Amino acid sequence: MMIQKITLTNFRNYQKQTLTLGSGIHFIIGANGAGKTNLLEALYVLSLAKSYKVEDADLIRYTCDFAKIQASVASQNRQIDLSLIITEIGKKALLNDHEIKRLSDYIGNLHIVSFLPEDMSLIKGSPGDRRYYFDVFLSQIDKNYLEMLTTYKYTLRQRNELLKKLSAEPKPDTTLLDVLTEQLAFHAQQVMARRDEFVKEINDVLNSAYKRLAHKNEMMSMTYCPSIEATDTTAFLKSKYHQDLVARITNYGPHRDDYDFYLDDRLARNHASQGEQRTMILSLIMALGDLIYQIKKERPVFLLDDVFSELDSERQNRLLEYLTTANLQAIVTTTSVQEIKETIIKKAKIFRVTNGYIKEEY
Amino acid sequence: MIYPEALEELISEFMKYPGIGRKTAERYALYTVNHFDQEALDRFSQALSAIKSRIGRCRICGHLTETDPCAICQDPNRDKSVIMVVESPKDVFTIEKSNKFRGIYHVLHGALSPLDGLGPDELNLASLWPRIQQSEVKELIIATSATQEGEATAMYIQRVVKNMDLLLTRIGYGVPVGTNLEYADEKTLSKAIENRRSF
Ligand SMILES: Nc1ncnc2c1ncn2[C@@H]1O[C@H](COP(=O)(O)OP(=O)(O)O)[C@@H](O)[C@H]1O
Ligand SMILES: [Mg+2]
Ligand SMILES: [Zn+2]
């Protein structure tokens with residue numbers, strides 16, 4: 001998958017900016033605050049119809065009343081135009097100039113795998129960060145997953161609201177709670193099954209990605225830690241009514257799931273150093289790219305923000321070698337390209353950013 | 001203010017309708033002034049002010065009606081052994097247009113949704129239970145929408161009536177998931193009614 005051209009209008013600190021991109025590595029070089037992250041965020045938002053950190057309105061350039069991101073994207077069998085228009089009161093997504101109403105019909109047209117500074121918390125941060133990251137990934141490759149997850153979350157809100165109401169009653173009638181519990185269990189099972197399958201799939205490619213980047217003999221793996229391990233999800237949830245009514249919230253389910261990372265049998269959450277974490281996360285990102293390639297027969301666009309700090313120059317160059325794989329497109333921000341091999345620089349496109357203005361260097 | 005006060009007042013009345021924003025309301029208000037004579041306006045305002053006193057809920061099925069019971073409940077040619085449960089009066093109008101259903105209805109006026117403050121007590125459910133205990137009732141068709149709320153409502157009713165001597169069926173067939181009944185066209189709807197499955 002290849003973004004051929006991207007135009008930003010009133011997005012963050014960009015007033016009007018068009019870039020022509022190709023295959024291979026694109027270095028976005030600039031000082032702090034120049035707008036490097038903003039460019040990657042624009043591509044992320046175009047792919048997923050929302051940002052990873054802020055409300056839509058924050059994406060609009062100060063004093064403007066809308067922001068627009070447009071791109072022409074080529075994939076193996078078709079050429080598409082995507083645009084996303086964001087205003088204070090809402091957003092509009094267009095695919096080839098036709099408005100798309102359902103999120104699940106929009107997401108998945110432009111596959112991305114991203115590493116943003118926030119993602120450093122993937123290993124030691126909260127379970128919610130990990131769930132969010134992998135939910136975003138699965139939503140891109142599996143439309144059913146996104147729909148199932150959306151319905152799950154909605155049913156969960158209904159059930160939590162009902163728990164609040166019932167907890168105030170001396171002798172609550174649980175007929176409706178039974179119904180919502182069965183609905184919730186149905187969707188929970190589908191979400192959990194897909195997450196479980198995903199972890200199996202990723203483990204098939206994760207260790208070789210780690211070896212490629214770290215050049216070490218340790219084995220990297222990932223496990224899925226579902227909040228509900230019982231085989232009968234409905235019966236399990238029904239056995240927790242008392243606890244749920246006291247807490248006035250649903251205590252178990254995919255919204256409490258987690259994932260763990262290991263180097264050999266060491267739990268990375270407890271043991272990994274900053275440098276090891278970065279290597280693991282970048283290995284994971286390469287593995288996610290490989291997995292998309294297996295499923296979709298096409299590589300995602302890699303968005304890598306400030307990946308080089310805390311990574312020795314050998315690993316930097318190994319990562320960059322990977323990004324020069326045929327038909328792969330990567331957009332990589334950095335403050336400098338000094339430590340990068342001449343052979344890689346020669347093949348790459350280089351863009352300088354200053355103050356919301358990008359210029360290609362030839 | 002750009003518009004004279006009288007027009008402004010009319011505009012804000014039109015804006016109370018769902019889906020009508022300021023621009024449309026302005027167009028309606030100007031159209032009213034330009035194209036309606038006094039006689040037409042009197043008819044309009046009479047129809048409007050009388051609507052609540054002329055229309056009420058049928059005491060049997062809950063449908064909106066001018067007579068109580070409603071024309072459907074009073075019609076001797078309707079099959080009183082089959083009751084179809086729907087979320088809204090709009091659904092009754094849609095199904096009646098399809099001309100495929102000869103039974104009678106029960107209108108819930110909503111679907112179970114704790115987030116919207118709608119529990120069993122807030123819906124028109126209390127009058128359903130005695131209705132279906134009458135011996136002439138043989139089948140209950142649940143035609144709530146295929147949304148999370150519609151499904152929850154269908155499952156709830158199933159729970160309550162499961163031990164009664166009654167054929168319980170569900171339509172949803174042909175109605176795409178996440179679609180409210182009112183968006184289903186008449187053809188899919190009649191197909192859905194024919195293909196109802198027992199539940
Ligand atoms: N909505 C906005 N409108 C205009 N400028 C913005 C907006 N949001 C952020 N900025 C500006 O963008 C700059 C940060 O850009 P960023 O991409 O994070 O820089 P970096 O190159 O360090 O990654 C800051 O100067 C900030 O003021
Ligand atoms: Mg940055
Ligand atoms: Zn009636």
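**Reading a predicted model, feature by feature**

Me: Let's start with one residue. How accessible is T223(A): buried, partly exposed or exposed?

Reply: T223(A) is partly exposed, because its relative accessible area is 28%. The cut-offs do the work here: under 20% is buried, over 50% is exposed, and partly exposed lies in between. Keep in mind that this is a predicted model.

Me: Where does T223(A) sit in the fold?

Reply: In strand β9 of chain A, which covers residues 220–225.

Me: How far is T223(A) from I345(A), in sequence and in space?

Reply: Count along the chain, then go C-alpha to C-alpha. T223(A) and I345(A) are 122 residues apart in sequence. In space, 37 Å separates them.

Me: Let me try a strand residue again. Which strand holds D258(A), and is D258(A) buried or exposed?

Reply: D258(A) belongs to strand β10, residues 258–263 of chain A. Its relative accessibility is 13%, so D258(A) counts as buried.

Me: Is A49(A) buried or exposed?

Reply: A49(A) counts as buried, because its relative accessibility is 6%.

Me: What is the phi of T63(A), and where is that residue?

Reply: T63(A) also is not a glycine, and its phi is positive, about 70 degrees. T63(A) lies in the loop between α1 and β4 of chain A. With a relative accessible area of 84%, T63(A) is exposed.

Me: Next, peptide bonds. Is the bond from D68(B) to P69(B) cis or trans?

Reply: Read omega. For D68(B) to P69(B), omega is near 0 degrees, and the bond is cis. P69(B) is in the loop between β2 (64–65) and α4 (71–74) of chain B.

Me: Staying in chain B, where is R22(B), and how accessible is it?

Reply: R22(B) is in helix α2, residues 22–35. R22(B) is partly exposed, because its relative accessible area is 34%. Its C-alpha is 38 Å from that of N99(B), 77 residues away along the chain.

Me: How do I read a metal site? Which residues coordinate the zinc ion (ligand 3)?

Reply: List the donors, then check distances and angles. The donors are the SG atoms of C58(B), C61(B), C70(B) and C73(B), at 2.2 to 2.4 Å. Along the sequence, their spacing reads C-x2-C-x8-C-x2-C.

Me: What arrangement do the 4 donor atoms around the zinc ion (ligand 3) make?

Reply: A tetrahedral one, because the donor atoms subtend angles of 105 to 114 degrees. Four donors count as tetrahedral if all angles lie between 85 and 135 degrees.

Me: What is the distance from an oxygen atom of ligand 1 to a polar backbone atom of N38(A)?

Reply: That distance is 2.8 Å. For G35(A), a backbone N or O atom lies 2.9 Å from a ligand 1 oxygen. For A34(A), a polar backbone atom is 3.2 Å from an oxygen atom of ligand 1.

Me: How much of ligand 1 does the protein bury?

Reply: Take ligand 1 alone and it exposes 580 Å². The protein buries 75% of that.

How values were computed:
Residues are numbered from 1 along each chain as its sequence is written. Chains are lettered from A and ligands numbered from 1 in the order in which they are written. This is a predicted model: local features need pLDDT of at least 70, side-chain atom pairs count only at pLDDT 80 or more; totals for chains, interfaces and linings use all residues. Side-chain values use heavy atoms; hydrogens and water are left out. Donors are N, O and S atoms within 2.8 Å of the metal (3.2 Å for Na, K and Ca); water is not among the atoms, so sites may look incomplete. Four donors count as tetrahedral if all angles lie between 85 and 135 degrees; four count as square planar and six as octahedral if opposite donors are over 155 degrees apart and all others between 65 and 115; anything else is irregular. A polar contact is a pair of N or O atoms within 3.5 Å; within protein, one must be able to donate a hydrogen and the other to accept it, and residues adjacent in sequence count only if both atoms are side-chain atoms. Accessible areas come from the Shrake-Rupley method with a 1.4 Å probe; for residues, only the protein chains shown count as cover. Helices (H or I, at least four residues) and strands (E, at least two) are DSSP runs, numbered from the N terminus. Buried means under 20% relative accessible area, exposed over 50%, partly exposed in between (1.4 Å probe, protein chains only).
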